[in-house]
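Welcome to a short tour. Please open your viewer and keep the selection panel at hand; each stop tells you what to pick next.

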Amino acid sequence: MQFLFRYANPHNFMRLSGAVLPFFALATVLCLAAGLYLGFSVPPDYQQGTTIALLFIHVPADVVAEAAYGAIALCSLLSLVWRHPLSDTAARAAAPFGALFTALGLITGALWGKPMWGTYWVWDARLTSFLLLLFLYLGYMALWNAIEDETRAARAAAILALVGVVNIPIIKFSVDWWSTLHQGESIISGKIAPVYLWPLLLMMTGYMLLFATLWLIRIRTAIMERRARNLMQGGPA
Amino acid sequence: MITFLTAEKLACARGERRLFDGLNFRVKAGQALAVEGANGAGKTSLLRLIAGFLAPLSGRLIVKIADKEDDDAEERGKLVGWLGHQDGLKPQLTVAEQLDFFASLYRSKAGAAVLEQVGLARQADLPCRYLSAGQRRRLALARLLVSRRPLWLLDEPFAALDVNGQGLVAHLMAHHCGEGGIIIAATHEPLGLSNESLKL
Amino acid sequence: MSPFAILLLRDTKLAARSGGSAALALSFFALVATLVPLGIGPDLRLLARVAGGVLWVGAVLSALLSLDRLFQGDFEDGSLDLIALSPLPLELTSLAKIAAHWLSTGLPLTLLSPLLALLFNLPGPATGFLFVSLLIGTPAVSAIGAIGASLTLSLKRGGLILPLIILPLLSPVVIFGAGAVSATLDGLDGTGALELLAAFSFAAVLLSPFAAAASVRLNLGS
């Protein structure tokens with residue numbers, strides 16, 4: 001907690017993130033490159049053929065989509081309970097990326113599904129849950145944009161994020177229940193052969209690093225924008 | 001019965017703009033404080049701060065009752081009788097319904113006597129949409145009386161009232177202070193009481 | 001009368017009196033039930049299959065219509081300031097408003113549902129499950145709706161964002177509510193779904209007032 005607050009000061013945050021960012025970016029590129037290479041050189045799955053490669057693009061996207069919402073919820077908690085100054089900016093910055101990764105997961109899920117199911121969308125439990133997650137992101141971003149007073153918007157969005165994070169497990173449970181009621185079995189089953197494991201882990205790490213890199217950049221941009229605005233208004237930087 | 005209300009180094013901001021800083025004052029039982037200043041200077045914000053709606057940027061507001069001191073905003077709100085800019089009246093409800101609602105809400109009783117006092121006895125069954133601006137303010141005053149709160153926060157108490165109405169307000173305020181209550185009023189005009197003044 | 005009861009009574013009275021809430025919600029509900037068969041054709045077997053889902057979605061959307069005014073009316077005319085300063089804690093204020101909203105929309109919608117189920121050729125037992133599921137589930141709609149209403153109460157066009165915010169959160173209610181009806185149609189037991197729905201509703205009604213009160217406090221502080 002102390003650590004978090006030491007970097008609550010925008011100044012310190014800019015210094016730390018500035019130092020760390022190049023390494024994040026490099027690590028991202030390395031992981032993604034290695035993961036993609038291994039992923040595409042993997043032997044084709046006997047059932048799914050070469051489209052198994054989409055697994056390496058789809059699953060990590062889903063993982064980041066959920067992790068990003070978790071990050072937003074954590075920042076919201078920090079903001080509401082401990083009044084950590086940067087957490088509002090951080091939460092707002094994470095949302096578009098969370099939404100993008102969710103959308104990516106949905107699109108790749110549909111592309112992956114076409115050869116398997118014959119059609120792009122079959123209301124599979126997992127994909128349906130992620131569709132709802134996408135709406136949660138959109139609602140969160142819409143609320144930020146709608147309220148003019150930034151402090152009020154931040155706190156309202158924080159409340160919404162916390163309400164959302166509590167509901168997400170319930171939503172997933174209910175969608176799973178709905179799926180078994182209507183279809184009997186979940187369609188995408190989850191056994192991963194070991195030869196797929198390494199590329200998958202590399203891609204997941206790569207995606208997380210990609211998210212972290214983009215997130216840090218966006219937070220830095222937001223801080224710099226605020227400084228620029230303050231300078232233009234004639235106040236302190 | 002509040003003994004003192006003290007403000008220590010109060011600072012308040014609205015959005016990015018700092019309204020006031022290092023504000024100090026003390027009002028004791030039976031006293032009135034007139035808050036003066038240009039529009040937008042922060043008079044309403046100060047009232048909302050005292051009521052507990054707004055949190056100060058820094059500083060404290062302390063309420064002393066007998067021997068106990070408390071600076072909690074929510075507790076302070078329970079002592080406040082509020083007369084704001086807006087009327088808080090629903091057009092579809094009648095005068096009597098409106099007053100009974102607020103009376104019950106504040107765990108108090110509204111007799112016909114209160115309506116008499118503010119000169120709305122004949123309008124008891126009139127839906128509020130048919131009241132004039134002055135009559136609406138009188139109803140708000142009745143509501144204030146019925147709430148039976150020691151700390152009155154009044155935002156432009158004389159607004160929209162004719163000479164009789166203004167006389168009524170002055171009379172009610174004098175009575176309230178006479179009973180040991182405290183009044184803090186944002187106003188452009190003199191209160192007509194011996195009161196302290198605070199310029200924002 | 002207690003402060004809670006008087007607020008509940010006033011809000012219900014206002015909703016009934018303005019000729020707005022209840023009548024509007026019921027008309028909208030009936031219209032949805034009319035438009036869908038126009039859209040998908042009068043195949044009675046098909047209509048019976050979709051009845052649970054269509055009527056549930058229709059009920060949720062109808063209840064949504066009056067949600068944005070839940071706190072906004074009092075906020076705009078200054079009543080909310082006075083209510084916040086009263087002895088009634090904001091959490092109970094929120095609960096009273098949720099209850100008033102349910103009494104003036106959720107409950108009437110539930111009472112109308114058997115008639116609309118008739119339009120969809122829904123068999124008796126399934127209609128019974130529809131009725132009970134609406135009875136149990138609509139309080140959750142009012143409760144979660146209140147969270148959205150309190151977050152958006154300062155927005156002029158808040159009504160546009162409100163559905164976006166709360167509809168994803170209401171998906172469990174639609175799933176379990178309509179699921180109870182579907183299960184019955186398939187010859188399964190719908191009570192499992194009703195139990196899940198009841199648990200969700202209970203939790204929603206219990207916890208929403210806290211989130212709503214926090215949002216109201218946030219908006220009053222300006």
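Start with the largest nonpolar core of this predicted model, which has 203 residues. To find your way into this core, select A68(A), A94(A), L143(A), L160(A), L99(B), A142(B) and L153(B), the residues with the most contacts inside it. Both domain 1 (1–79 + 155–200) and domain 2 (86–149) of chain B give residues to the core, so it lies between them.

Next, zoom in on L153(B). Leaving aside residues up to four places away in sequence, L153(B) touches L47(B), I50(B), A51(B), V80(B), W82(B) and I184(B).

Now step back and colour chain B by domain. The domain assignment puts 1–79 and 155–200 in domain 1, and 86–149 in domain 2. Between the C-alpha centres of these two domains of chain B there are 23 Å. Where they meet, eight residues of domain 1 of chain B are in contact with eight residues of domain 2 of chain B. On the domain 1 side of that contact in chain B, you will find six nonpolar residues, one polar and one charged.

For the last stop, show chains B and C together. Their contact takes 21 residues from chain B and 20 residues from chain C. On chain C, select α1 (3–17) and α5 (79–85): each supplies at least two residues of the side that touches chain B. Which helix gives the largest share of that side of chain C? The answer is α1(C), with six residues. Colour the side of chain C that touches chain B by class, and you get eleven nonpolar, five polar and four charged residues.

Note on methods. Residues are numbered from 1 along each chain as its sequence is written. Chains are lettered from A and ligands numbered from 1 in the order in which they are written. This is a predicted model: local features need pLDDT of at least 70, side-chain atom pairs count only at pLDDT 80 or more; totals for chains, interfaces and linings use all residues. Domain bounds come from an automatic or database domain assignment. Two residues are in contact if their C-beta atoms, placed from the backbone, lie within 7 Å. Ala, Val, Leu, Ile, Met, Phe, Trp, Tyr, Cys and Pro count as nonpolar, Asp, Glu, Lys and Arg as charged, and the others, Gly among them, as polar. Helices (H or I, at least four residues) and strands (E, at least two) are DSSP runs, numbered from the N terminus. A nonpolar core is a set of buried Ala, Val, Leu, Ile, Met, Phe, Trp, Tyr and Cys residues joined through C-beta atoms within 7 Å. A residue is buried if 20 or more other C-beta atoms lie within 10 Å of its own, exposed if 12 or fewer, and partly exposed in between; C-beta atoms are placed from the backbone.
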